[in-house]
Amino acid sequence: MLSPFTIFAPRISNMKCEMKKMMILRRRAVVLLLCVAVAAAAFAEEDKNAAESGKVTYFQFSLFPGLGVNGWRTWEYTNWASVNLLGDVSMNERAFTLSGIWSAVKGDAQGVQIAGLVNYAGQGRGLMLSGLVNALKGEYDGLTVSGLANVAGGRVRGVQVSGGMNLSGKLRGAQLTGIAAIAKGGVKGVQLAGVMDYAGGDMDGVQLAGLTGIAVGDVEGAQISGAVNFSLEMSGVQMAAFANVVRGDVEGVQISAVANCAREVEGVQIGLVNVAEESDVPIGLINVIEDGEMSIGAEYDMIGNTMLTFRSGGEYTYGIIGAGYNHYFRHVPVAVEAGLGVHAPVYDWFRVDNEFRYTSPLLIVTGDGTDAVLASRYMNVSYSLLPFFRVCRHFRVYAGMTLNYMLSDSRLELPELVRGGTVWQNVTDGGVFGKTRGTLFFGFSAGIQVLF
């Protein structure tokens with residue numbers, strides 16, 4: 001027969017195991033309750049220092065707004081870290097936000113905010129990174145990077161980088177964009193755009209644009225663009241491929257391939273056309289300076305050119321353009337010239353001008369055949385030292401010495417006066433005219449001027 005011990009021993013052993021398991025579960029439950037209590041106390045303490053809503057989450061996860069840790073009233077919570085499969089809306093973000101499509105923070109976004117398409121925040125500081133747009137209602141301190149546009153309604157201190165457009169209130173830092181960089185309140189730093197830079201106020205720093213740089217206020221620094229620069233006042237450097245326009249005064253340098261325009265210039269204008277009320281040192285072929293000097297003249301030089309010239313400039317520098325007839329080179333009788341000059345004032349009635357000019361024929365086939373025309377090609381570069389005498393208020397005469405370097409087709413018959421004044425000559429094969437003759441010679445130039 002079986003003894004009672006043999007019958008009940010297994011049952012007693014099983015009961016002991018069950019009791020041990022229950023004790024372990026109770027201990028775990030107590031630990032879990034203590035953790036929950038500590039967390040609740042921490043949340044309650046953080047709740048006093050959080051946003052007005054008083055709802056704080058250290059880690060928040062959601063699929064989309066309403067389906068996540070914070071429930072459907074997600075916009076009332078301040079999160080320390082958020083991960084959203086699609087997107088979410090929160091009151092504030094304190095450290096990190098990652099969203100598959102969008103992230104919207106009604107208040108303050110701090111730390112890192114990353115979204116696949118769009119980030120939005122009331123204000124913040126740190127890093128915003130999106131595939132499409134970063135939008136800020138207020139101010140931001142830090143770096144915003146997007147594929148299309150960064151838009152800030154308030155001041156930005158830091159860097160905006162986008163493939164399309166950057167827009168801010170007042171910028172203190174840098175804007176780097178593929179199309180347009182716009183700072184409505186002005187810039188202190190750098191704007192760099194592939195098409196247009198715009199500063200709604202003063203510009204302290206550098207504007208670099210592929211097409212247009214615009215500053216509604218004063219500029220201290222540099223404006224550099226591929227087409228046009230515009231500002232109210234300028235202290236520094238303006239460089240453009242087409243035109244620089246300043247409604248007020250310039251202290252510095254304007255450089256363009258076509259035109260510079262300003263009111264008063266204390267510095268230098270370099271361009272094909274320079275326009276100003278006052279500009280002492282315009283360097284261009286045509287200079288429309290209200291307080292400067294313009295004249296029309298007629299002159300004759302040693303290589304047989306009778307030229308009608310137009311000189312225009314300021315107190316010290318001026319430009320020269322001219323066209324005329326050459327009686328020596330009958331196959332190419334029409335000549336044109338361009339140059340720059342520097343005044344050396346001596347008395348009111350006398351001054352000495354230094355001129356650097358380039359002269360060449362305007363090729364016209366006259367019926368004698370192309371070979372004859374080609375054989376008459378030449379280019380002449382000259383320096384002229386010309387004393388000018390004022391006969392009356394609107395009339396001057398001048399005559400002086402020239403030093404010339406002429407490249408010509410070796411078949412070109414040079415005038416007797418040129419051969420007599422030659423100090424050096426050389427013929428080379430493979431030059432600009434094939435078999436090319438280089439001639440260095442002294443000459444003369446004389447003419448009259450009518451000032452207006």
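Which residues line the second largest cavity? They are Glu293, Met294, Ser295, Arg311, Ser312, Gly313, Gly314, Tyr318, His343, Arg351, Asp353 and Gln449.

## Basis of the description

This is a predicted model, in which local features need pLDDT of at least 70 and side-chain atom pairs count only at pLDDT 80 or more, while totals for chains, interfaces and linings use all residues. Residues are numbered from 1 along each chain as its sequence is written, and side-chain values use heavy atoms, with hydrogens and water left out.

## The chain as a whole

The protein chain has three helices and 34 strands. Both are DSSP runs numbered from the N terminus: helices are H or I with at least four residues, strands E with at least two. Of its 452 residues, 42% are buried, meaning under 20% relative accessible area with a 1.4 Å probe, protein chains only.

Among contacts (heavy atoms within 4.5 Å) with a separation of 6 or more, 25% join residues 24 or more positions apart.

## The largest pocket

On a 1 Å grid over the protein atoms alone, a pocket is an open set of points with protein on both sides within 12 Å along at least five of seven lines, whereas a cavity is a set where a 1.4 Å probe fits but cannot get out; lining residues have an atom within 4 Å of a point. A volume is the space filled by probe spheres set on the points, which are joined across faces, edges and corners.

The largest pocket holds about 290 Å³ of space. Its lining has 19 residues, and Glu293, Glu315, His343, Pro345 and Arg351 lie nearest the centre. Two or more lining residues come from each of strand 24 (278–283), strand 29 (334–345), strand 30 (350–361) and strand 31 (378–392). Strand 24 gives the largest share, three residues.

## The cavities

There are two cavities of 30 Å³ or more in the structure. The largest cavity has about 90 Å³ of space and is lined by 13 residues, with Asp301, Asn380, Ser382, Thr402 and Asn404 nearest its centre. Strand 30, strand 31, strand 32 (395–409) and strand 34 (434–451) each give two or more residues to this lining, and strand 31 gives the most, with three.

The second largest cavity has about 60 Å³ of space. Strand 26 (293–301), strand 27 (305–313) and strand 30 each supply two or more of its lining residues. Glu293, His343 and Arg351 are among the residues of this lining, and they are also among those nearest the centre of the largest pocket.

Methods: Buried < 20%, exposed > 50% of the residue type's maximum accessible area, 1.4 Å probe, protein only.
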